[in-house]
Amino acid sequence: MRQLESLLKRKIEKVIEMKNVISKSIKEWLTEALINEIVGFRRDLHQYPELSGEEYETSKKIQAKLEEYGIPFKTGFAKTGVLGVINGGKPGGTVALRADIDALPIQERNEHEFVSKIEGKMHACGHDSHTAMLLGAGYILQQLKDELPGKVLLVFQPAEELAPIGGAEQMIKDGVFAEDVPDAIFAQHVWPDLPVGKIGVRQNEMMGASDRFKIVIKGSGGHASMPHQTTDAIIVANQVITSLQTIVSRNVDPLDPAVITIGRIEGGYRYNVVADEVTLEGTVRTLKKQTKKKVKERFFSIVKGVAESFNAHAEIDYLDGYPATMNTPEWAVLVKETVINSFGQNAAPEVAPSLGGEDFSRFLLNYPGVYYWLGTAIDTGDPQKPLHDPQFKLNEKAFPIGIEMMVNVAINALVKLENELT
Ligand code: NI
């Protein structure tokens, strides 16, 4: 009994000792100069965005920074991915921090001084800031490395926006964790719906499953004045679209989230010709596995059935996309505690999950971990635009919070792992 007590006491002392060393040191290293440098790095990435799988210059810039900070790294994971390794001075577990690095095929419509210089490409999902903040956190962790019990892996992931393929799975296949297997992995995403100073995290469901589909409806064309001789693909498409909406309203539990969106429709030739073919493209979003299964089954039977009932034919290309992002409960608790310890009780509001798709889910299929949101709402009075909007803006005042958060999460996770090992 006495032995157990002293063991517990030693563990608690260790955590306190660790936290004291660290909290002093973080303040010392999280200087205005570092923050300015990280903001500058982000603005440079923002001006020169690169699309999924083409992040060659971005990758080089990341490597140059790691080199400057004295952090050893390896490259070539999913082509442009980079793995930085911070070797702690003491033995222990392995914690990974992940940032995505790719941009979107969107023409930026902002007017700030660091607007995208590349036609039709934009960092409209904040991945420029994820990359920059991870480098800032890496810099500080590298300064503290002698104190760290274990390793911190800095994972710079390409092609997050390339659903359903993504970059996470390819990084794993390419051996990003072949040498050091993470005991836990964490990712931070900017969140325009949360003010600066707030961090959103929850246990289990955080982001939805996102599937993608293409439907080609094939009828037969003819003269607009003689519809009885045709199978009008536009009329069939219309019925298909309307019927698909009944899946969410009639087949899914109203308390269980699901979305079917048709985002693109194309067909027809001119005003007086009946269209023989219409293409529909869209996405299905769900949180629960069984809901996804049900929606997908209903989707096929409605599209096929409705087309057939009009004597048309439907070809369906359904791509199973990213699975739902499911946080590991015990690590989500650690992240929430870290938020409260670092920034106060009010900094960790309750949040509902989002149906946005996220490639980080693939890391979470293989390793325990947490995806959480960093509040980056703008406070300039401009309209708050969502992620993926051509006028999306984020609040750089969140940078010191995001950097400190990643550093604290890594340290607290290593301390937790150390306590479990001893
Ligand atoms: Ni994103």
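Student: Why is the contact between E396 and R43 called a salt bridge?

Tutor: A salt bridge needs a side-chain nitrogen of Lys or Arg within 4 Å of a carboxyl oxygen of Asp or Glu. In E396 and R43 the closest N and O atoms are 2.7 Å apart, so the pair meets that cut-off. Do keep in mind that this is a predicted model, where local features need pLDDT of at least 70, side-chain atom pairs count only at pLDDT 80 or more, and totals for chains, interfaces and linings use all residues. Residues are numbered from 1 along each chain as its sequence is written, and side-chain values use heavy atoms, with hydrogens and water left out.

Student: What makes E396 and R43 a link between separate parts of the chain?

Tutor: E396 sits in the loop between β15 (369-375) and α10 (399-421), while R43 belongs to helix α2 (residues 32-47), so the pair ties together parts 353 residues apart in sequence. Helices (H or I, at least four residues) and strands (E, at least two) are DSSP runs, numbered from the N terminus.

Student: Why is E396 called buried, and what is R43 called?

Tutor: Buried means under 20% relative accessible area, exposed over 50%, and partly exposed in between (1.4 Å probe, protein chains only). E396 has 15% relative accessibility, so it counts as buried. R43, at 24%, is therefore partly exposed.

Student: How do you know that D146 and K145 form a salt bridge?

Tutor: Their N to O distance is 4.0 Å, and the pair is counted as a salt bridge. D146 counts as exposed because its relative accessibility is 56%, whereas K145, at 28%, is partly exposed.

Student: What makes C125, H127 and H189 donors of the nickel ion?

Tutor: Donors are N, O and S atoms within 2.8 Å of the metal (3.2 Å for Na, K and Ca); water is not among the atoms, so sites may look incomplete. C125 (SG), H127 (NE2) and H189 (NE2) lie 2.2 to 2.3 Å from the nickel ion, so these atoms qualify. Along the chain, the donors follow the spacing C-x1-H-x61-H. H127 lies in helix α4 (residues 127-143) and H189 in strand β5 (residues 184-191), so this pair ties together parts 62 residues apart in sequence.

Student: Why are H127 and H189 called buried?

Tutor: H127 has a relative accessible area of 0%, so it is buried. H189 counts as buried because its relative accessibility is 2%.
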